[in-house]
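Hi,

Here is the structure I promised to pass on. Have a look at it first, and then read my notes below.

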Amino acid sequence: MRRVDISASIGRIQDHAMRDALREIELASAEWNTVDIAAAFEITGTYTETRTLNVGVSTLAQTQAFIATLINDLKRGGESRST
């Protein structure tokens, strides 16, 4: 999987924990296989997959769904992969 570059968006996220998690994913993607890194994350609960995030007005639930989708995509090795 290629390097993840989300640095332009990270600074606009107000929740420090989410910002740190995304920064960690971005940094790790340059050094390791993101599929292996994402495997360490566990998502519980339900959410609707979403790959669009309006940083200026998104709700906490929308941001959580975006991050959960991102982590699951990373686990699969890409949006269109099943495993």
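Contact here means heavy atoms within 4.5 Å. Please keep in mind that this is a predicted model. The protein chain has an average pLDDT of 82, and 84% of the residues score at least 70. Confidence is highest in helix 4, with a mean of 91, and lowest in helix 1 (residues 7–10), with a mean of 74. Where pLDDT is low, the predicted coordinates should not be read in detail.

Let me start with Thr63, which sits in helix 4 (residues 60–76). Thr63 counts as buried because its relative accessible area is 10%, under the 20% cut-off. Not counting residues up to four places away in sequence, Thr63 touches Met18, Leu53 and Ser58.

Next, the core. The largest nonpolar core is made of 11 residues, among them Met18, Ile25, Ala38, Ile71 and Leu74. Helix 2 (16–31) and helix 4 each supply at least two residues of this core, and helix 4 gives the most, with 5 residues. Leaving aside neighbours within four places in sequence, Ile25 is in contact with Ile71 and Leu74.

Ala38 belongs to helix 3 (residues 34–38) and is buried, with a relative accessible area of 3%. From Ala38 to Asn72 there are 34 residues in sequence, yet their C-alpha atoms are 7.6 Å apart in space.

Conventions. Residues are numbered from 1 along each chain as its sequence is written. This is a predicted model: local features need pLDDT of at least 70, side-chain atom pairs count only at pLDDT 80 or more; totals for chains, interfaces and linings use all residues. Side-chain values use heavy atoms; hydrogens and water are left out. Helices (H or I, at least four residues) and strands (E, at least two) are DSSP runs, numbered from the N terminus. Buried means under 20% relative accessible area, exposed over 50%, partly exposed in between (1.4 Å probe, protein chains only). A nonpolar core is a set of buried Ala, Val, Leu, Ile, Met, Phe, Trp, Tyr and Cys residues joined through side-chain atoms within 4.5 Å. pLDDT is the predictor's confidence in each residue, from 0 to 100.
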